[in-house]
Amino acid sequence: MQKELLLADEAIAQGSIDGGLSGVYAYPGTPSTEITEYIQNSKQAKERNIHSHWSSNEKTAMEAALGMSYAGKRALVCMKHVGMNVAADCFINTAMTGVNGGMMVLAADDPSMHSSQNEQDSRFYGNFAMIPMFEPSNQQEAYDMAYNGFELSEKLGYPILMRVVTRLAHSRSGVERKAAKEENKNSFPDDPRQFVLLPAIAKRRYQTLLDAQDAMLKASEESIYNQYIDGEDKTIGVVACGIGFNYLNETFPNGCPYPVVKVSQYPLPKKMIDKLAAECGQIIVLEDGYPFVENQLKGFFDNTKIKGRLDGTLPRSGELDPDNVGKAFGKTNAITYTVPSVVKMRPPQMCQGCGHRDMYEALNEVLKSYDNSKVFGDIGCYTLGALPPYSSINSCVDMGASITMAKGAADAGLFPSVAVIGDSTFTHSGMTGLLDAVNENSNIVVIISDNETTAMTGGQDSQGTGKIESICQGLGVHPEHLRVFVPLKKNFEEMKQIIKEEIEYKGVSVIIPRRECIQTASRKKKMASIQK
């Protein structure tokens with residue numbers, strides 16, 4: 001067996017490859033991006049011809065993965081937690097159709113919102129869909145779950161949701177690999193109507209899903225990832241979920257004195273939990289994210305018996321970590337290092353030489369002459385335009401919301417109403433909003449700031465590169481009001497003139513400031529010099 005030092009993201013990728021993967025489908029989003037990138041760069045994956053191209057968004061990724069599963073092959077679909085919102089329509093119904101080839105859905109949650117709009121907990125999606133879930137406590141488990149998960153998915157007949165958090169996804173540990181499995185051959189569902197969710201069939205499939213719950217619980221009760229670890233001191237019992245088990249071990253390096261139920265596969269292993277509750281006076285729940293398990297246990301047992309995030313034993317928001325886990329057990333770590341007072345926090349900034357900077361400078365200059373102008377922003381590097389020195393945008397809600405919010409504000413009488421969206425976000429979720437605006441000839445200006453990549457997550461391919469104008473015209477934008485310029489200081493007057501003219505046009509205007517991301521251009525130049 002081969003041992004490698006891997007991020008949990010990389011362990012999931014390698015475990016999937018070794019587990020017989022035929023395709024990964026994803027939209028880049030921190031902290032999930034490295035999974036797909038690892039597969040894209042894997043020699044083994046290339047030799048096996050494993051599909052690894054980026055999808056336009058998480059919904060299309062989920063649907064493509066389900067299509068691969070329908071054809072009998074093993075598929076992995078990856079996204080960050082907010083991507084689950086985009087994929088939810090297909091995700092929930094996939095629990096109704098079931099699967100043919102094994103299918104794993106990877107959701108990477110971001111407690112503390114290091115790079116996200118919220119810190120939602122994807123376990124609620126798995127519970128809502130009533131499918132099995134994995135939550136690895138370390139990198140080796142992440143590999144093993146990916147390696148074995150496809151077979152479990154095929155055995156149960158349902159997709160499996162694997163949930164990781166930022167701190168695990170982006171930390172490294174030694175991982176022992178297993179022998180690679182062969183990919184599945186093409187096959188098709190025994191029931192030709194299994195995937196046809198007409199109401200009459202969906203009712204039968206729903207009952208099938210309900211009937212499968214006992215098998216899912218049995219798999220969880222017997223899972224090697226769930227354990228009951230006895231302890232001498234029965235005053236407290238511990239339910240440690242995922243990475244929480246790691247933090248518990250750090251808090252008690254010589255072994256936890258209390259009984260512990262380690263939970264890394266769901267549904268909750270009921271027999272273990274019942275035993276813990278019967279033996280222990282109180283139960284502390286360690287889970288990174290929402291009080292998902294804590295709420296369930298409060299429904300089963302005396303509320304005063306269950307401790308965790310809801311009663312203040314652990315912080316209600318933010319990441320779980322060894323410090324707050326230690327405090328829950330009355331232990332405190334000595335402060336070894338302090339931040340010198342001379343060190344000041346520096347907020348994130350757009351890169352020097354970034355085209356978004358020049359676009360915002362021109363936009364701000366033009367909007368000075370309007371009293372009530374508002375700029376609706378979106379998700380990307382350009383969202384930093386909300387911060388000084390630009391302070392340009394007034395909203396950032398979700399992928400694609402800039403265009404539809406600008407439309408709604410214009411419907412309410414706002415003028416000028418401006419949307420700023422990136423090229424990758426536009427093809428992810430902005431196109432339908434633009435179609436709504438075109439259909440009503442809304443009085444808005446849409447600025448698609450095109451840096452020809454998905455820059456915020458590291459420079460992955462953008463689905464719209466070379467196609468933005470064609471897409472906009474296809475959606476009905478008038479060619480005369482589809483304007484392109486190069487955002488550079490030398491073009492400052494031209495940029496201002498174009499923005500001013502399109503604001504004054506009473507209808508839908510699209511402006512495309514286009515200049516390659518400075519980081520992507522730098523990497524290309526560096527690679528070219530290396531190849532010489």
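These points describe helix packing and nonpolar cores in a predicted model.

1. Helix α1 covers residues 8-18 and helix α7 covers residues 139-156. The two pack with their axes 7 Å apart, at an angle of about 30 degrees. Angles under 35 degrees count as roughly parallel, so α1 is roughly parallel to α7. The crossing of these two helices is right-handed.

2. Which residues of α1 meet α7? They are Ala8, Ala11, Ile12, Gln14, Gly15, Ser16 and Asp18. On the α7 side, the partners are Gln139, Ala142, Tyr143, Ala146, Tyr147 and Phe150. By type, the residues of this contact divide into eight nonpolar, four polar and one charged.

3. In soluble globular proteins, nonpolar side chains tend to be buried together. Here the largest nonpolar core has 104 residues. Leu76, Val239, Leu286 and Phe329 have the most contacts inside this core. Helix α7 supplies the largest share of the core, eight residues. Another core lies apart from it and has 47 residues, including Met359, Tyr382, Leu475 and Phe485.

4. Leu76 deserves a separate entry. Leaving aside residues up to four places away in sequence, Leu76 touches Ser16, Leu21, Gly23, Val24, Tyr25, Ile35, Ile39, Met104, Leu106 and Phe150. Among these, Ser16 in α1 and Phe150 in α7 also belong to the helix contact of point 2.

5. Helix α10 spans residues 213-221, and its buried residues are Met216, Ala219, Ser220 and Glu221. What do the buried residues of α10 pack against? Their partners are α7, α9 (199-211), β11 (265-266) and α12 (270-279).

Key:
Residues numbered from 1 in each chain as written. Predicted model: local features only at pLDDT ≥ 70, side-chain atom pairs only at ≥ 80, totals over all residues. Heavy atoms only, no water. Axes fitted to C-alpha atoms, helices over the stretch in contact; angles between N-to-C directions. Helix = DSSP H or I, 4+ residues; strand = E, 2+ residues; numbered from the N terminus. Parallel < 35°, antiparallel > 145°, perpendicular 65-115°, else oblique. Left-handed = near helix turned anticlockwise from the far one by under 90°. Contact = heavy atoms within 4.5 Å. Nonpolar A, V, L, I, M, F, W, Y, C, P; charged D, E, K, R; others polar. Core = buried A, V, L, I, M, F, W, Y, C linked by side-chain atoms within 4.5 Å. Buried < 20%, exposed > 50% of the residue type's maximum accessible area, 1.4 Å probe, protein only.
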